[in-house]
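Subject: Structure handover

Hi,

Here is the structure I promised to pass on. Please open it alongside this note, and see below for what turned up.

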Amino acid sequence: MKRIAFLALAALAPILISGCATTGVGYHVTAYAPHDPSAVRVDVSQSKEQVYVMEGDRCLMAAACDVGLPSSPTPSGHFNIEEKIQDKRSGAFGFSVNGNSIVACDASQATGRYVGYPMPFWCGFASGYGFHQGYVWPVPRTHGCIRLDKQVAPRMWQLVHVGTPVDIAYTQPEDATVGRNVARPSDYRDPDPSPAYMIGDGPFQLPSGSLLINQ
């Protein structure tokens, strides 16, 4: 299910470059609290499938992401974060729930109670497009949204606010600096979560520990 429904929806040691750290084992991403939240911006490189949260020249977080398929591309251009919804669910793909029966379906095909596929820590930047948690593949895989690993999406959620500028382009200046050593997660290979888990609150839980480092 994750390989379809989330459409609507390797380094072995820590790498520290210009303030951004990632590892390829268990995929941990370090994110730094901004000194001035109003100065935060987000740059997305579509060619590298990487997202950079910046405060001026300071990198707060650099991470892998997943962008849209050629048939449903992620829009390029200058945007702003328009909304933040921690527990957002898809209105197009999800599950039909009839008692103990939970069947994956399009929303229009639900024969029971429809529960949308989870899109946790949604940060919308245009109508129908946003950053959200999901499986990050090594190739474009989404319907246009920008998908972030479960360790990244909650940190993005805390780093941005409504109004934060977002620039999406084929390349970004950070590709040649902090973007050179960004690892990619591999949990897209994991077994699908159970439907019972996906219709509950589990996908919206924050990771343990502090999400942002004060420095």
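The largest pocket has a volume of about 300 Å³. A pocket here is an open set of points on a 1 Å grid over the protein atoms alone where a 1.4 Å probe fits, with protein on both sides within 12 Å along at least five of seven lines. The volume is the space filled by probe spheres set on the points. Lining residues, those with an atom within 4 Å of a point, number 16 for this pocket. Gln133, Tyr135, Lys150, Tyr197 and Pro203 lie nearest its centre.

This is a predicted model: local features need pLDDT of at least 70, side-chain atom pairs count only at pLDDT 80 or more, and totals for chains, interfaces and linings use all residues. Residues are numbered from 1 along each chain as its sequence is written, and side-chain values use heavy atoms, with hydrogens and water left out.

Next, the core. The largest nonpolar core has 42 residues. (Such a core joins buried Ala, Val, Leu, Ile, Met, Phe, Trp, Tyr and Cys residues through side-chain atoms within 4.5 Å; buried means under 20% relative accessible area, exposed over 50%, partly exposed in between, with a 1.4 Å probe and protein chains only.) Val42, Val51, Phe131, Leu148 and Met156 touch the most other members. Elements giving two or more residues include strand E3 (40-45), strand E5 (58-66) and helix H2 (153-159). Helices (H or I, at least four residues) and strands (E, at least two) are DSSP runs, numbered from the N terminus. E5 gives the most, with seven residues. A second, separate core of five residues includes Phe95, Val97, Val115 and Tyr117.

Now the charges. The structure holds five salt bridges, each a side-chain nitrogen of Lys or Arg within 4 Å of a carboxyl oxygen of Asp or Glu. One joins arginine 41 and glutamate 174 at 3.2 Å, N to O. Arginine 41 is in strand E3, and glutamate 174 is in the loop between E14 and helix H3 (195-198), 133 residues apart. Arginine 41 is partly exposed at 26% relative accessibility, while glutamate 174 is buried at 5%.

Glutamate 49 pairs with arginine 184, with the closest N and O atoms 3.9 Å apart. These two are 135 residues apart in the chain. Arginine 58 and glutamate 55 also meet in a salt bridge, at 3.0 Å, N to O. Glutamate 55 is buried, at 11%. Shared partners join Arg41, Asp43 and Glu174 into one salt-bridge network.

Best wishes
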